[in-house]
Amino acid sequence: MKTIKNITTKMVFSAAILLLTMLSCERDLSNDVVPATFNNSAEIFTDAPVGLTDQFFVSFDPATGANVDGFGVDDNVAYKGKSSIRIDVPAETDPAGGYIGGIFRDRGEGRNLTGYNALTFWAKGSTTATIGEAGFGTAFGDDFPIGVVEDKYAVAIRNIQLSTDWRKYTIPIPDPSKLVQEKGMFLFAAGSASTAGMGYTFWIDELKFENLSNIGQSRPTMLGGSTADFISVPGQTLNISGFTGTYNLSNGQDVTVITTPNYFSFSSSNPSVASVSEEGLVTVKTTGTAEITATLDGVLVKGAVNVQSFPDARIISIFSDFYANVPVDGYNGFYEPFQTTLGGATIEDGNNIIDYTLLNFVGIEFYGRYGGPGVAPIDATQMTHFNIDFRVNEALSPSDFIRIELINNVNNGQTGHSFTVPASSLASNQWVSLKIPLSSFPGLQRNALGIILFDTGGNIKNLSVDNIFFSKE
């Protein structure tokens, strides 16, 4: 279940694909009506921005920590010609912002990119740093950051390794036929995580779209390539996520792009039970079963959703991108003075997970400890199993363990019972999914569960957790 994640969803708005022009308002639609055409220029930046105006860079919102001072054109460094884009990545502690990023937006009506299959650019760095993200398909409105973000056909690659020499980078387009009128020409985001917080510089040149003959056929996935069970009741919805395409380049290397669902075509084996929209939104209509599959530009996508709809609820989710989560007080109780554990909910490669460091023990609480509205204990008396994913982010020893304790009726005659997961059921730096019968917590009352406690005895200090839910078989 580790692959049940939200990868790329932002705010999605429809873009007009074709504009019909009538030659006479008194004439019926005929052969005189032709689709509007848009600029198909491939170049974005060579020695200067192409079709973008001089103000071609739009920064991410400084309120998020984006530094707006490190972007410019360098007339002394170039891969080809006389100029390149220069990006000075700030130090982590820079008071003006600890990272830099933004977009290049076409200032016209948008471009027709259907004749190209890749965005390419040359880049080099002052050091061998890693750029967090680069891509295309995202455009901001004129009043950004308050205005809308259009990213219907956004595509990105992540963790781009720089060299101190010029190298060419390729971002394949999953389905060029979709890009009839695209305004988002380029996007990048870079920080100093790979340089231990130190700032650095990198340069980009010859940024353009190309039609390459040496890109292999896509190997697309959704949900990270897994088949996942969506246990539901009528009326529930699910946004499918984890859309990627992997391509083999001429140098023999694979590159994986992360995309929005709009490149994919979805189908349901039983639309009367569960339908699926063009954006990958699954709507459960009645009880029964259905399989949701997809294709990308005619290629069958690896991964599927098996919808299982019941008349009564079968899932109570604490933390998962796949199900609606109940309210919680927090994912780290911070029990002073004995707890050393740091961390909590975070995002990893666009996925919501929980990361703990310096772990000895930690609790996830949902009983209203902080007086939060709507935070109530869970009645799990109808549930049969406790589900959780663990990833131990360090080497394992045979004596290591994770003790899971479920605590009922917190602060009012509370009772707790535990189940110990041995090292043999865990894996180092790999996700492991566990489905534990609640009968393995003998004697546990579960009518008012309020805490899930994890205890490693201090032996496992770095742990990631995900997909925490109770289920009924």
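## Contacts of Phe104

In this predicted model, Phe104 touches Ile44, Leu52, Phe56, Phe57, Phe71, Ile85, Lys183, Gly184, Met185, Phe186, Phe188 and Leu207, leaving aside residues up to four places away in sequence.

## Nonpolar cores

The largest nonpolar core holds 73 residues, and Phe104, Phe202 and Phe209 touch the most other members. Strand β15 (residues 200-210) supplies the largest share of this core, with five residues. A second, separate core has 39 residues, among them Ile354, Leu426, Ile460 and Phe470.

In soluble globular proteins, nonpolar side chains tend to be buried together.

## Aromatic pairs

Across the whole structure, 34 aromatic pairs are found. One of them joins Phe56 and Phe71: the ring centres are 5.5 Å apart and the planes stand at 70 degrees, over the 60 degrees required, so the pair is edge-to-face. Phe56 belongs to the loop between β3 (43-45) and β4 (57-59), while Phe71 belongs to strand β5 (residues 71-74); the pair therefore ties together parts that are 15 residues apart in sequence. With a relative accessible area of 4%, which is under the 20% limit, Phe56 is buried.

Phe56 and Phe71 are also members of a cluster linked by ring pairs, together with Phe45, Phe57, Phe104, Phe121, Tyr169, Phe186, Phe188, Tyr200 and Phe202.

## Charges over rings

Two residues with charged side chains are placed over aromatic rings. The charged end of Lys124 sits over the ring of Trp203, at 5.5 Å from its centre. Arg314 lies over the face of Phe310, and the distance to the ring centre is 4.1 Å.

Terms used
Residues are numbered from 1 along each chain as its sequence is written. This is a predicted model: local features need pLDDT of at least 70, side-chain atom pairs count only at pLDDT 80 or more; totals for chains, interfaces and linings use all residues. Side-chain values use heavy atoms; hydrogens and water are left out. Rings of Phe, Tyr and Trp (its six-membered ring) pair if their centres lie within 6.5 Å; planes under 30 degrees apart count as stacked, over 60 as edge-to-face and the rest as tilted. Helices (H or I, at least four residues) and strands (E, at least two) are DSSP runs, numbered from the N terminus. Buried means under 20% relative accessible area, exposed over 50%, partly exposed in between (1.4 Å probe, protein chains only). A charge sits over a ring if NZ of Lys or CZ of Arg is within 6 Å of the ring centre and within 35 degrees of the ring normal. A nonpolar core is a set of buried Ala, Val, Leu, Ile, Met, Phe, Trp, Tyr and Cys residues joined through side-chain atoms within 4.5 Å. Contact means heavy atoms within 4.5 Å.
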